[in-house]
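Good morning, colleagues. Please have the sequence and the structure in view while I speak.

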Amino acid sequence: MREQNYYPLRYLTVYFFLFHLLFSQFVKQLDIYRTEFDNRGWNYSYLDGSMSNEQRQKAVEAFQQDSGIQFFLISLKAGGVGLNLTAADYVFIIDPWWNPAVEQQAIDRTHRIGQDKIVFTYKFISKDTVEEKILALQHKKKELASAIITTEESFIKSIDIDEILEMLS
């Protein structure tokens, strides 16, 4: 892997003394990071959906309690529920998920009782790619949810037939 083309790893080396969560929807993507971290001798925890509850707990405890582990590689769906990851300083969404609630649940793992610091979140989006389109879709979904939740009556009055058809397609 050529580092100059692998921007996320270059960025992480700058903040090596802090604690990072890296979420990906693709286990194969996490495998790429695991290989690179192993090659560099970086310690990390890892969690995906194939792990038992006991393995999950051990991975979380290692990240939370071992100051020598600054990285936690987590599959987006497996890491979105039931975890308390307050040791994190940074959250990286390596690839976007079409549903912003899934990403938000993952990010919320850092905002639990016991969190005493600001946590920064970054999404890696490549220009002119499907990722950019997913981000636009997420934005539309958030706007729609916000309009429905805040003022249902005004939303119904402002929606036209083309928008209804687009939502249902």
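I shall begin with the overall architecture and then turn to the aromatic side chains and one surface patch.

This is a predicted model, in which local features need pLDDT of at least 70 and side-chain atom pairs count only at pLDDT 80 or more, whereas totals for chains, interfaces and linings use all residues. Residues are numbered from 1 along each chain as its sequence is written, and side-chain values use heavy atoms, with hydrogens and water left out.

The protein chain holds seven helices and five strands; these are DSSP runs numbered from the N terminus, with helices being H or I of at least four residues and strands E of at least two. Read from the N terminus, the order is α-β-α-β-α-β-β-α-β-α-α-α. The chain has 169 residues, and 40% of them count as buried. Buried means under 20% relative accessible area, exposed means over 50%, and partly exposed lies in between, with a 1.4 Å probe and protein chains only.

Now to the aromatic rings. Rings of Phe, Tyr and Trp (its six-membered ring) pair if their centres lie within 6.5 Å; planes under 30 degrees apart count as stacked, over 60 as edge-to-face, and the rest as tilted. By this rule there are 11 aromatic pairs. In one of them, the ring centres of Tyr90 and Phe92 are 6.1 Å apart and the planes meet at 15°, so the pair is stacked. Tyr90 is buried, at 8% relative accessibility, and Phe92 is buried too, at 1%.

Phe92 also forms a stacked pair with Tyr122, at 5.7 Å centre to centre and 20° between the planes. Because Phe92 belongs to strand 4 (residues 90–93) and Tyr122 to strand 5 (residues 120–123), this pair ties together parts that are 30 residues apart in sequence. Tyr122 itself is partly exposed, with a relative accessible area of 33%.

Elsewhere, one aromatic cluster is formed by Tyr33, Phe37, Trp42, Tyr44 and Phe71.

Which residue has its place in helix 7 (residues 161–168)? Ile164 does, and Ile164 is partly exposed, with a relative accessible area of 33%.
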